[in-house]
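Thank you all for making time this morning. Please take a moment to look at the sequence and the structure before I start.

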Amino acid sequence: MKKITKIFAFLLVPGAYFLMPNPAHAVCPICTVAVAGGLGVSRYFGIDDSLLGVWAGGLVVSVSLWTADWLSKRSWGLLKKSNNTINTVASLIFWTLLTYVPLYSANIIGHPFNTILGIDKLVFGSILGFVAFMLGVYLDKRVREVKGKQLFNFQKVVFPVLSLTIFTLVLYFWGGYLYNI
């Protein structure tokens, strides 16, 4: 009986740990997966690089915010003394370099005929994606402040993804005018 109790306790404690709810992340993993899925699908169907860039920029921001949130919860040397802004900027620089340096090395970024307003289409779209994703995150936080609660389930996911979708559609339908400027 004593051996069964030890085995039960050995299995119960880790099991209880995995059943405990996790604290909320800055940007949820579902949103990051949705953005990454959008990237893969759009590249597969041959969608323009500027539209792909919107989703790539959103993904970089999403992963950066997620990394900054993760770093802020650690108590390692310098991280213990740094504030969340430093963690966010550092993770944004890290993920930007990790994303765009290989694309530049593979000659995906930098082709002279693949530009909008003199900026590479992928980089241009990424800047728009950065703005769109941050706008979605801001609107989610603002709605929560004003209403005191979320309006619907997965609001934290819907606002950034909807913002990226709107920016993508605007660029798709009216972005052609930018080629002639």
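Is the crossing of α3 and α5 right-handed or left-handed? Before I answer, please keep in mind that what you see is a predicted model. In this model, the crossing of those two helices, α3 and α5, is right-handed.

Let me stay with this pair for a moment. The axis of α3 and the axis of helix α5, which covers residues 84-105, come within 8 Å of each other and cross at roughly 140 degrees. The residues that make the contact include Val60, Val61, Ser64 and Leu65 on the α3 side, and Ser91, Leu92, Trp95 and Tyr100 on the α5 side. If we sort the contact by class, we find ten nonpolar and ten polar residues, and no charged ones.

Now to the cores. The largest nonpolar core has 13 residues, and among those that touch the most other members are Val54, Leu65, Phe124 and Phe133. Helices α3 (49-72), α6 (121-147) and α7 (155-174) each supply at least two residues of this core, and the largest share, five residues, comes from α3. Apart from this core lies another one, of six residues, which include Val60, Tyr100, Ile109 and Leu122.

Finally, the whole protein. Its secondary structure comes to seven helices and two strands, and along the sequence these follow the pattern α-α-α-α-α-β-β-α-α. Of the 181 residues in the protein, 33% are buried.

How values were computed
Residues are numbered from 1 along each chain as its sequence is written. This is a predicted model: local features need pLDDT of at least 70, side-chain atom pairs count only at pLDDT 80 or more; totals for chains, interfaces and linings use all residues. Side-chain values use heavy atoms; hydrogens and water are left out. A nonpolar core is a set of buried Ala, Val, Leu, Ile, Met, Phe, Trp, Tyr and Cys residues joined through side-chain atoms within 4.5 Å. Buried means under 20% relative accessible area, exposed over 50%, partly exposed in between (1.4 Å probe, protein chains only). Helices (H or I, at least four residues) and strands (E, at least two) are DSSP runs, numbered from the N terminus. Axes are lines fitted to C-alpha atoms, for helices over the stretch in contact, and angles run from 0 to 180 degrees between N-to-C directions. A crossing is left-handed if the near helix is turned anticlockwise from the far one by less than a right angle, and right-handed if clockwise. Contact means heavy atoms within 4.5 Å. Ala, Val, Leu, Ile, Met, Phe, Trp, Tyr, Cys and Pro count as nonpolar, Asp, Glu, Lys and Arg as charged, and the others, Gly among them, as polar.
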